[in-house]
Amino acid sequence: MNKADRIYVAGHRGMVGSAVCRALAKKGYANVVTRTHKELDLLDPAAVAAFYAAEKPDVAVIAAARVGGIGANSAANALFLYENEMIALNTVWGAYKAGVKRLLFLGSTCIYPRMAPQPIPESALLTSELEKTNEGYALAKISGLKLCEFLRRDCGVLYHSLMPTNLYGPGDNYDVVGGHVLPTMIRKFETARVNGDATVPLWGTGTPLREFLHVDDLAAACVFMLELENPPDLVNVGSGEEVSIRTLAEKVKAATGCPAAIDWDSTKPDGTPRKLCDTTLIRSLGWKPEIDLDTGLAMTVADYRAALDAGTIRL
Ligand code: GDP
């Protein structure tokens, strides 16, 4: 990738896409092309094809997706499959048809089987059954990364994928019903602190293990991968550290300074028991994360409070 390249970032208003734009700017890539959801409907293949034909980007980063936590995914697997499949096929195939030479496709480590070996290596892909709670999302993302792999092999374009672990950071979605666990916890503890509530309701048993990566670390990894001449097809990116949901809750409680007690609701799903990705490959390529969980949590709580004050929070 060259500094003068025109780089299309799909999903630039989302948490990941906006972080990718910041990381590109920081490294001197000034020629970034974006479209809002209103300007370009990524579910519409003709509109996406027309956009690529008009803009002719050199590089595309696909960070657009319908995302959500366990609540949103398990309630709407059809929607998550349909929208993410359409976005993946339209943005990747459209790029290929328009002559885009290089593309980075972003997914998530929930593409791996529910009972994959832990930490999960890239080779675990499609070796056994997926986690049911987010099967629709996972199938769509698997289609997208496979399309990249097939196009690279069959047609010689440099399309490759990066699968991040659970992400958090500025611009996250703080919806307590459909959101991911970390931003949801920040909102729940902050709300309880402000309201003086005695308890904070959390889901499941607190025993599942999860890994969290700050979105600015992911964005740095995206630029790093795009600067490699011959990247592997599929690469995991994570912090390499896992915490139980219970420990995460204690950390968020401390970061927000909320004195409320935690009330675990075991009628709510735990989801996959453990989700730590094997980051040996990306580390062997020369990348490592910079933001540890405690530092990242403090930054994110500060960002949440600022966004709430400014009225810019996504709920
Ligand atoms: P996942 O990592 O794909 O399973 O999705 P999430 O980011 O939604 O994390 C879900 C894990 O956090 C499950 O083990 C939930 O039981 C647990 N959890 C605890 N409290 C909450 C909550 O308030 N919201 C969500 N989304 N998950 C919670």
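Predicted model: local features only at pLDDT ≥ 70, side-chain atom pairs only at ≥ 80, totals over all residues.
Residues are numbered from 1 along each chain as its sequence is written, and side-chain values use heavy atoms, with hydrogens and water left out.

**Exercise 1.** Describe the shell around the ligand.

*Solution.* 
1. Find the shell. It holds 18 residues, with Lys188, Trp203, Arg210, Pro269 and Asp270 the closest (near means a heavy atom within 4 Å).
2. Check the polar contacts (N or O atom pairs within 3.5 Å). A polar side-chain atom of Lys188 lies 2.7 Å from a ligand oxygen. For the side chain of Arg210, an N or O atom is 2.8 Å from a ligand oxygen. Gly179 uses a backbone N or O atom, 3.1 Å from a ligand nitrogen.
3. Check the cover. On its own the ligand has 540 Å² of accessible area, and the protein covers 97% of this (Shrake-Rupley method, 1.4 Å probe).

**Exercise 2.** Describe the second largest pocket.

*Solution.* 
1. Take the volume. The space is about 330 Å³ (a pocket is an open set of points on a 1 Å grid where a 1.4 Å probe fits, with protein on both sides within 12 Å along at least five of seven lines; lining residues have an atom within 4 Å of a point).
2. Locate the centre. Of 16 lining residues, Ala23, Lys26, Asp216, Ala219 and Ala220 are the closest to it.
3. Sort the lining. It has 8 nonpolar, no polar and 8 charged residues.

Key: Polar contact = N/O pair within 3.5 Å; in protein donor to acceptor, adjacent residues only side chain to side chain. Points joined across faces, edges and corners; volume = space filled by probe spheres on them. Nonpolar A, V, L, I, M, F, W, Y, C, P; charged D, E, K, R; others polar.
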